Amino acid sequence: MKRNVFLENGKEFDLSDFMEFGKEEREILGSEIPIMVYRLMEFSLREEIISECGKEKQIEIFREAGRRAGTYIAQHMLDLSLPFNEFIAQLQARIEEMKMGILRVEAQDGKAKKLILTVSEDADCSGIPLLGETVCNYDEGLIAGILSAYSNVACQAVEVDCWGTGSRVCRFRVEALEKEGWQADGE
Ligand SMILES: [Zn+2]
């Protein structure tokens, strides 16, 4: 068996340990896989968790997993020292580079620490059938995780429109749970 230095050191694995891959490891196939593969993973997990633990728990697990991913993205891929509007511009660029979707700020109330974000061409749900419910719980957590890491204040994101509810964009209401959240520029 291959030696495992991590186990010998008693190190706990975290998300960042699984993000490493280079040209040698994916020499032929590169860094991208089709959306269909991503969705197979996401929606098979969703089905399995619902059947094992029920819908409520599935939503909670997806939100909390998304929050972990959002925290990772914030800490490893974003400059958290930027002023708010520049930070959002950077976030839009990253989300698009990673082909997760096209992020826009639809409304912003800096004083009340509230934002409405839309994501079009969302990787998770674009094109899915009308289900009568939103399904992007992972994205809810991801957005909340990013903005919580940026502002150092717990934030919450709730998806209010989705391909699953017949919309053509996903729309998220985001708010800081404590009122000393982010400081929007010019306030
Ligand atoms: Zn959605």
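Modeller: Happy to! A nonpolar core here means a set of buried Ala, Val, Leu, Ile, Met, Phe, Trp, Tyr and Cys residues joined through C-beta atoms within 7 Å. Please keep in mind that this is a predicted model. Its largest nonpolar core has 31 residues, and those with the most contacts inside it are Leu117, Ile143, Ile146, Leu147, Cys170 and Val174. At least two residues of this core come from each of helix H3 (55-77), helix H4 (84-97), S2, H5, S3 and S4. H5 gives the largest share, 7 residues. In soluble globular proteins, nonpolar side chains tend to be buried together.

Let's stay with H5 for a moment. Helix H5 covers residues 137-151 and lies across S2, S3 and strand S4 (170-176), running at about 145° to S3. As for Ile146, leaving aside residues up to four places away in sequence, it touches Gly70, Ile73, Ala74 and Leu91.

Now for the sheet. Its 4 strands follow the order S1-S2-S4-S3, with antiparallel pairing, and the sheet is open. Strand S1 (102-109) and strand S3 (155-161) each have a single partner strand, so these two stand at the edges, with one side of each left without a neighbour in the sheet. On average, neighbouring strands of this sheet are turned by 25° against each other, direction ignored. The partner of S1 is strand S2 (residues 114-120), and the two pair in the antiparallel sense over 7 bridges. Within that pairing, you can look for Asp109 opposite Lys114 in S2.

Note on methods: Residues are numbered from 1 along each chain as its sequence is written. This is a predicted model: local features need pLDDT of at least 70, side-chain atom pairs count only at pLDDT 80 or more; totals for chains, interfaces and linings use all residues. Two strands pair if DSSP finds at least two bridges between them. Axes are lines fitted to C-alpha atoms, for helices over the stretch in contact, and angles run from 0 to 180 degrees between N-to-C directions. Two residues are in contact if their C-beta atoms, placed from the backbone, lie within 7 Å. A residue is buried if 20 or more other C-beta atoms lie within 10 Å of its own, exposed if 12 or fewer, and partly exposed in between; C-beta atoms are placed from the backbone.
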